[in-house]
Amino acid sequence: MSTWEKRRDRLESLPANRWWATRPARRRLVVAGTAALVVLWAGLVVIARYAPSDLARNVYLSMFGLSLVVGFPVVSWLHAATRGALYLPERFLDERQLIERRRAYTSAHGGTTLVLGVLFVLANFVSWQDGPLSITIPLALIGPTALTLVATHYAMPLLIAGWRLPDPPPDDDEDE
Amino acid sequence: MSNEVVYNRIPMLRAERGISRKDLAAALGVHYQTVGYLERGEYSPSLFLALKIAEYFEVPVEVIFSLHPFARLGS
């Protein structure tokens with residue numbers, strides 16, 4: 001049995017499949033995941049506004065920690081709730097799961113395009129302001145910005161798939 | 001997304017032959033939830049999957065799938 005086959009089987013037997021089986025429960029999970037992402041983005045504002053300072057470092061690290069503590073379980077549970085539609089290689093998915101996966105990626109692509117578009121507009125807005133020709137951006141902003149973009153890029157398809165998925169049909173032993 | 005509905009008799013055939021959703025899914029090579037979504041009419045199968053289902057039950061595809069609701073037995 002290959003590693004992916006083991007992962008697929010483990011995913012199918014996780015208790016989280018039942019915890020988050022209903023649409024309202026899964027949507028609460030998506031809201032928590034979105035909140036974790038928002039906290040990461042808010043941390044960038046803290047760095048931009050207050051770095052370099054102990055206050056900026058401590059507040060950002062606290063926000064980052066909170067985001068990790070919430071984000072990691074949410075991502076794992078959403079992978080379980082979507083039965084690995086965005087986690088497993090395509091060869092382990094059937095045609096319905098592949099459609100779900102492609103729809104989620106398509107919508108997420110639109111979402112990340114919007115985020116990058118907003119950043120582009122903001123960057124241009126800042127550079128067109130009257131005033132000095134150069135501004136100081138804290139070096140500490142670079143790493144967290146890249147991390148936040150990666151997290152957004154990774155999480156968005158999963159959040160979209162988790163939000164959209166209908167209630168699953170009952171298992172055989174539940175309806176027979 | 002289209003609102004096209006494909007009606008099917010999969011639950012009836014499955015019940016008639018005493019086949020569980022998981023057994024049917026394994027025979028078709030799909031996730032067992034996909035069979036559930038098919039039965040509830042929330043997912044319309046590809047032509048390939050529809051033909052595989054017809055082949056599995058050994059009936060013509062139009063016996064299982066229809067663009068119009070199936071008449072009730074005895075009507």
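## Stop 1: where the chains touch

Start by showing both chains: 9 residues of chain A are in contact with 16 residues of chain B, where contact means that the C-beta atoms, placed from the backbone, lie within 7 Å. Now pick helix H5 (residues 95–127) of chain A, which gives the most to the side of chain A that touches chain B, with 3 residues. Helices here are DSSP runs (H or I, at least four residues), strands are runs of E of at least two, and both are numbered from the N terminus. Colour that side of chain A by type and you'll get 3 nonpolar, 1 polar and 5 charged residues. For this colouring, Ala, Val, Leu, Ile, Met, Phe, Trp, Tyr, Cys and Pro count as nonpolar, Asp, Glu, Lys and Arg as charged, and the others, Gly among them, as polar.

Before moving on, keep in mind that this is a predicted model, in which local features need pLDDT of at least 70 and side-chain atom pairs count only at pLDDT 80 or more, while totals for chains, interfaces and linings use all residues. Residues are numbered from 1 along each chain as its sequence is written, and chains are lettered from A and ligands numbered from 1 in the order in which they are written.

## Stop 2: all of chain A

Select chain A and switch to cartoon: you'll see 7 helices and 0 strands. Its radius of gyration is 20 Å, well over the 16 Å that the globule rule gives for 176 residues, so chain A is more spread out than a compact globule. (That radius is taken over C-alpha atoms, and the rule is 2.2 Å times the number of residues to the power 0.38.) Along the principal axes, the C-alpha atoms of chain A fill a box of roughly 70 × 35 × 30 Å.

## Stop 3

Next, select residues 23–50 of chain A, which form helix H3. At 1.5 Å a residue, its 28 residues should span 40 Å, and the end C-alpha atoms are 40 Å apart, which agrees; the expected span is 1.5 Å times one less than the number of residues.

Which residues of H3(A) are buried? Among them are Leu29(A), Gly33(A), Leu37(A) and Ile47(A). Buried means that 20 or more other C-beta atoms lie within 10 Å of a residue's own, exposed means 12 or fewer, and partly exposed is in between. Show helix H4 (54–81) and helix H6 (142–164) of chain A too, as they are part of what covers those buried residues.

Click on Arg28(A), also in H3: with 14 C-beta neighbours inside 10 Å, it counts as partly exposed.

Leu29(A) is also one of the residues with the most contacts inside the largest nonpolar core, which has 25 residues. Such a core is a set of buried Ala, Val, Leu, Ile, Met, Phe, Trp, Tyr and Cys residues joined through C-beta atoms within 7 Å. Zoom in on Trp77(A): leaving out residues up to four places away in sequence, it touches Ala16(A), Trp20(A) and Leu29(A). Apart from this core lies another, of 10 residues, including Ile10(B) and Phe65(B).

## Stop 4: chain B

Finally, select chain B, with 5 helices and 2 strands. Its radius of gyration is 12 Å, close to the 11 Å that the globule rule gives for 75 residues, so chain B is as compact as a globular protein of that length. Highlight residues 13–64 of chain B, which an unreviewed UniProt entry annotates as "domain: HTH cro/C1-type"; such annotations may be inferred rather than shown by experiment, and positions follow the numbering used here, with feature names shortened. That stretch is 69% helix and 0% strand, and its end C-alpha atoms are 8 Å apart.

Key. Two residues are in contact if their C-beta atoms, placed from the backbone, lie within 7 Å.
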